[in-house]
Amino acid sequence: YVLFWVMSAFLVMPFGVKAHPIDGNPVDFDEIYQKLIKPSVSDLDLDCLRSDEISSAGLIHKEMIEHILKADIVVVDITTGNANVLYELGVRHTARRSGTIILRRRGDIIPFNINGMRVIDYDLDPDSLKQCHSLIVASMRNSLQERNVDSLVHTLIPGLNVTQRPRALPVQRTYVWRCPRMPHRKLCIVTGDLMNVDKVDLWVNPENTKMQMGRWHDSSVSACIRYYGAL
């Protein structure tokens, strides 16, 4: 088995066919998604999701906002100036300093507040589709590697820190990696609440350079091991 972390991309855009508010011409966003954006995301082996594809039960707005906050890359199509799309772009720009790619149909209007930011133009003309695809892929790759600030909010307010309170993962999963040269040895990673991990024989926790365990009332991993291990 090979263990790897799958990075994710969340797509913020309208769905279906929408009439353009200025010229009235139809814009097929599903075609844009299937022919351009999704293949570009797939080229980087990113887990691709659009908000209408969220399948988990519960409030869809909550799930959508969580994806906007947590995704490694968020691709935003501002074509037609959709109010929901612009709102979600604002949420992303406030929460994350990098990892946001803005797209628009070539020639479409860019709202004043983001007019100075980099926006990738696209169209589905066969002669330019490949070039647009390559440009989107390059932009996402650079964003993941360089982590340069692409948020207007974080550009104007450097040092802004928006964080969520840590919480235990709701589901415990075990991932296994086996060494091809030593198949009898394996490395396992177990996710979920630390207190529910009961299938190990030995805890190893490099808490600090002095190899001292944390005090039982601390909030560190070492303190949890010390406190619950003594019960």
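Trainee: What is the bridge partner of V74 in β6?
Mentor: V74 is bridged to T100 in β6. Keep in mind that this is a predicted model.

Trainee: OK. How many bridges do β5 and β6 pair over, and in which sense?
Mentor: Four bridges. Strand β5, residues 73-77, runs parallel to β6.

Trainee: What's the strand order in the open sheet?
Mentor: β4-β1-β5-β6-β7. That's five strands, with parallel pairing.

Trainee: Which ones are the edge strands?
Mentor: β4 (47-50) and β7 (120-122). Each pairs on one side only.

Trainee: And the twist, what does it average?
Mentor: 25 degrees from one strand to the next.

Trainee: Which strands does helix α1 touch?
Mentor: α1, residues 29-43, packs on the sheet and touches β1 (8-12), β4, β5, β6 and β7. Its direction makes about 160 degrees with that of β4.

Trainee: Back to β6. Is R104 buried or exposed?
Mentor: R104 sits in β6, residues 100-105. R104 has a relative accessible area of 15%, so it counts as buried, the cut-off being under 20%.

Trainee: What is R104 in contact with?
Mentor: Beyond its neighbours within four places in sequence, its contacts include D77, T79, I110, D121 and Y122.

Trainee: New topic. At what angle do α2 and α3 pack?
Mentor: About 45 degrees, with the axes 9 Å apart. The two helices are therefore oblique to each other. The crossing is right-handed.

Trainee: Which residues make that contact?
Mentor: M64, I65, I68 and L69 from α2. From α3, E88, V91, R92 and A95. By class, that's six nonpolar, no polar and two charged residues.

Technical notes:
Residues are numbered from 1 along each chain as its sequence is written. This is a predicted model: local features need pLDDT of at least 70, side-chain atom pairs count only at pLDDT 80 or more; totals for chains, interfaces and linings use all residues. Side-chain values use heavy atoms; hydrogens and water are left out. Buried means under 20% relative accessible area, exposed over 50%, partly exposed in between (1.4 Å probe, protein chains only). Contact means heavy atoms within 4.5 Å. Two strands pair if DSSP finds at least two bridges between them. Axes are lines fitted to C-alpha atoms, for helices over the stretch in contact, and angles run from 0 to 180 degrees between N-to-C directions. Angles under 35 degrees count as roughly parallel, over 145 as roughly antiparallel, 65 to 115 as roughly perpendicular and the rest as oblique. A crossing is left-handed if the near helix is turned anticlockwise from the far one by less than a right angle, and right-handed if clockwise. Ala, Val, Leu, Ile, Met, Phe, Trp, Tyr, Cys and Pro count as nonpolar, Asp, Glu, Lys and Arg as charged, and the others, Gly among them, as polar.
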